[in-house]
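Please consult the sequence and the structure shown below while reading.

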Amino acid sequence: MSKPLNIGMIGYGFMGRTHSNAYRQVSKFFKRGRTPVLKACCARNAEKIKAFAENWGYESYETDWRRIIERKDIDLVDIGSPNNTHHEIVLAAAAAGKMILCEKPLAMNVAEGEAMVAAVEKAGVPNMVWFNYRRVPAIALARQLVDEGRIGRAFHYRATYLQDWTIAADVPQGGAALWRLDAAVAGSGVTGDLLAHSIDTAEWLNGPITRVTAATETFVKERVHAETGKVQPVGIDDACMFLARFKNGSMGTFESTRYARGRKNYNTFELNGEAGSVYFDLEDPQYLQYFKYNDPKTGAKIEPHLTGWQKIHVTNGEHPYMKNWWVPGCTVGYEHTFTNALADFLEGLDTGKPTQPDFRCALHTQKVCDAVLASAKSGKWVEIG
């Protein structure tokens, strides 16, 4: 019989909604030993968090995150609040022995991330970072193809993550809606917000990144701050591009911007290897494109007249996660990636095997992000420890 898992959700914005939806849905589609219970949610604005609690079905709400930590009826603390809050909340939650799920990026910088990893490992509490794109069925299938040897020796990895929502100079920075443009709250711009996803996916598919060289640009140098009403310098990166070397010897290119007119959430990657290639586009998420050059078992080359890219519709029961959802041909969407991630975390509680990416794994992504920003300042290659 499934046991209750009492959730304390911190934050009510975009991520608070996606996580709350996952808690409500997961037990309806995945059989696990724990059933999430929406026990309490938290934000500073009492009116807004009360409305959030009523909408999502939380039993109670708080206006101070410390109360969530102190409550004996909370088993798991979920941090969906802005980046500059993660460090303090994690240290307190770990000291209180709570399980912790944290939005990405893990921290504002490596120093904070290292302290967070030390805290959860000392406390021995289960933990996970919500890099949800690993749970897109097509991306999980790409990982399966890599594990099956269908890509072979890797040569190239290229990733793009493009949006266009900050092009207008009159878009303010800061506040509840636009904190991602405020360096004091976000830590960085597209590097921590978007490229962190690209880096996590790349390292999951292709192994560790060992060195980078980067360039960043802030196209609008000053913006009105939503909270003060004053024009202030913009401290985040609007765009970033970097070259990377992977431990396996392959080369990587990464590009991200919020100034790509017409691109809303254009997150793509392509991995080219000796035996084959894979390509994915988040704006067409039900498909994985795969090029097979030779048979991984026999090494025999595919007949020339049969070679070509395959467009695999990832909706069959044998595809990752899909047996828990609909019949073949029926697609899943963005919100399902969080439910899939939560299902994996709950399975980890059942088996005792830590779910990835945990805080230590996410710390390496943070190291790559910090190295990218350091390289952009120095103009030099930066090694990643």
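This is a predicted model: local features need pLDDT of at least 70, side-chain atom pairs count only at pLDDT 80 or more; totals for chains, interfaces and linings use all residues.

On the α9 side, the contact is formed by Thr-191, Ala-196, Ile-199, Asp-200 and Glu-203. On the α11 side, His-364, Thr-365, Val-368, Cys-369, Val-372 and Leu-373 take part. By class, this contact comprises six nonpolar, three polar and two charged residues.

Helix α9 also packs against α6, at an angle of about 30° and with the axes 9 Å apart. An angle under 35 degrees counts as roughly parallel, and α6 is therefore roughly parallel to α9. Here α6 contributes Ile-139, Ala-140, Ala-142, Arg-143 and Val-146, while α9 contributes Thr-201, Trp-204 and Leu-205. Six of these residues are nonpolar, one is polar and one is charged.

| α6 and α9 | 9 Å apart | about 30° | six nonpolar, one polar, one charged |

Which residues of α6 are buried? They are Pro-137, Ala-138, Ile-139, Ala-140, Leu-141, Ala-142 and Leu-145. Their cover includes α9, α10 (334-351) and the strands β13, β14, β15 and β16. Just after α6, Gly-149 adopts a positive phi of about 80°.

The strands belong to an open sheet of nine, with mixed pairing, in the order β16-β15-β14-β13-β7-β12-β11-β8-β17. Strands β16 (309-313) and β17 (382-383) stand at its edges; each has a single partner strand, so one side of each lacks a neighbour in the sheet. Strands of a sheet pair through backbone hydrogen bonds, either parallel or antiparallel. Within this sheet, β11 (residues 239-246) and β12 (residues 251-257) run antiparallel and are joined by seven bridges. The bridge partner of Cys-240 is Ser-256 in β12.

Helices also lie across the sheet. Helix α6 (residues 137-147) lies across β13, β14, β15 and β16, running at about 25° to β15. Helix α11 (residues 359-378) lies across β8, β11 and β17, at about 50° to β8.

Notes. Residues are numbered from 1 along each chain as its sequence is written. Side-chain values use heavy atoms; hydrogens and water are left out. Two strands pair if DSSP finds at least two bridges between them. Helices (H or I, at least four residues) and strands (E, at least two) are DSSP runs, numbered from the N terminus. Contact means heavy atoms within 4.5 Å. Axes are lines fitted to C-alpha atoms, for helices over the stretch in contact, and angles run from 0 to 180 degrees between N-to-C directions. Ala, Val, Leu, Ile, Met, Phe, Trp, Tyr, Cys and Pro count as nonpolar, Asp, Glu, Lys and Arg as charged, and the others, Gly among them, as polar. Angles under 35 degrees count as roughly parallel, over 145 as roughly antiparallel, 65 to 115 as roughly perpendicular and the rest as oblique. Buried means under 20% relative accessible area, exposed over 50%, partly exposed in between (1.4 Å probe, protein chains only).
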